[in-house]
Amino acid sequence: MSRVLLLLKHQGNRRLLNDWLQKKHEIVAALDLDIAFDLVIVDALALAQYQNELRQRKAREVPTFLPLLCIASSEDGRAITQRLWRLVDDIISPPVEKNEMQGRIANLLRTRQLSLDLRLHNAELQKRYDELTSLKTELEIKNSALIKLDEQKNNLLGMVAHDLRTPLGVVVAYSEFLQQGSGENWGAEQRDFLAKIRSSSAFMRHLVDDLLDVTQFAAGKMQLHRQNIDLAALIDENAS
């Protein structure tokens, strides 16, 4: 139920509006403008007397709309300054009719409710925005850490692969040397063992070379040397 503050100097209008509105609204008759209310109805005399308090209260409500409905005759209007009229959101001239008054009040309260809904919506959007900003910052920090870890990983792989390549090259070279100089001093089983040592060590060196290529590629330093190959022969060699 909406709360309506009756800030009226005219006692007859106050009693009349109280009778008209009390069934649909909670009527507030206190003169304390710090209390909670959704609409204030004033007459010209009350508007002039409480203009500073009303201006401050409406300012505190921003961005929420706090409507002010003024009951003023044409004579009252000529006596009120333009600056004071800027406080007023709607004016109704006496004699006041019940249906017209209720319609004006309903429109003003509907506008206020829309402003309240908009404020809640904006608050929720701001909350989501703050959450997204926080997540973005957190992701940037984690992404920076991952980039550093990836660089360290690539550097470590590069060092390990480079250090493995040298002893594997020695194994390949010595196995080739032994194969070439074995002659008849080697039996078939020994020659087979030596061939397996050479092929396995050569295969491992190729793997290390590939690992070095991967680290170079990840670091953006990969240089491609393109050449024509026999794809069928390559497949047969690796599938056999």
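Trainee: What pattern does the chain follow when it is read along the sequence?

Mentor: Read in that direction, the chain follows β-α-β-β-α-α-β-α-α-β-α-α-α, with eight helices and five strands in total, where helices (H or I, at least four residues) and strands (E, at least two) are DSSP runs numbered from the N terminus. This is a predicted model, in which local features need pLDDT of at least 70 and side-chain atom pairs count only at pLDDT 80 or more, while totals for chains, interfaces and linings use all residues. Residues are numbered from 1 along each chain as its sequence is written, and side-chain values use heavy atoms, with hydrogens and water left out.

Trainee: What makes glutamate 61 a buried residue?

Mentor: Buried means under 20% relative accessible area, with exposed over 50% and partly exposed in between (1.4 Å probe, protein chains only). Glutamate 61 has a relative accessible area of 14% and is therefore buried. Its place is in helix 3, and, leaving aside neighbours within four places in sequence, glutamate 61 is in contact (heavy atoms within 4.5 Å) with Leu66 and Arg112.

Trainee: How do you know that the buried residues of helix 3 line one face of the helix?

Mentor: In helix 3 (residues 51-61), the buried residues are Leu54, Arg57, Lys58 and Glu61. Seen down the helix axis, these residues fall within an arc of 95 degrees, so they line one face of helix 3; the arc is that of the directions from the helix axis to the C-beta atoms.

Trainee: How do you know which strands pair with strand 3?

Mentor: Two strands pair if DSSP finds at least two bridges between them. Four bridges join strand 1 (residues 3-7) to strand 3, and these two run parallel; four bridges also join strand 3 to strand 4 (residues 68-71), again in parallel, so both pairs meet the criterion of at least two. Valine 42 stands opposite leucine 7 and has cysteine 70 as its bridge partner in strand 4, whereas isoleucine 41 has leucine 69 as its partner there.

Trainee: What makes strand 2 and strand 5 edge strands?

Mentor: The five strands form an open sheet in the order 2-1-3-4-5, with parallel pairing. Strand 2 (26-28) and strand 5 (90-92) each have a single partner strand, so one side of each is left without a neighbour in the sheet.

Trainee: What is meant by a nonpolar core, and which residues have the most contacts inside the largest one?

Mentor: A nonpolar core is a set of buried Ala, Val, Leu, Ile, Met, Phe, Trp, Tyr and Cys residues joined through side-chain atoms within 4.5 Å. The largest has 18 residues, and those with the most contacts inside it are Leu7, Val40, Val42, Leu47, Leu54, Leu68 and Cys70. Strand 1, strand 3, helix 2 (44-49) and strand 4 each supply at least two residues of this core. A second, separate core of 16 residues includes Leu21, Ile41, Val96 and Leu109.
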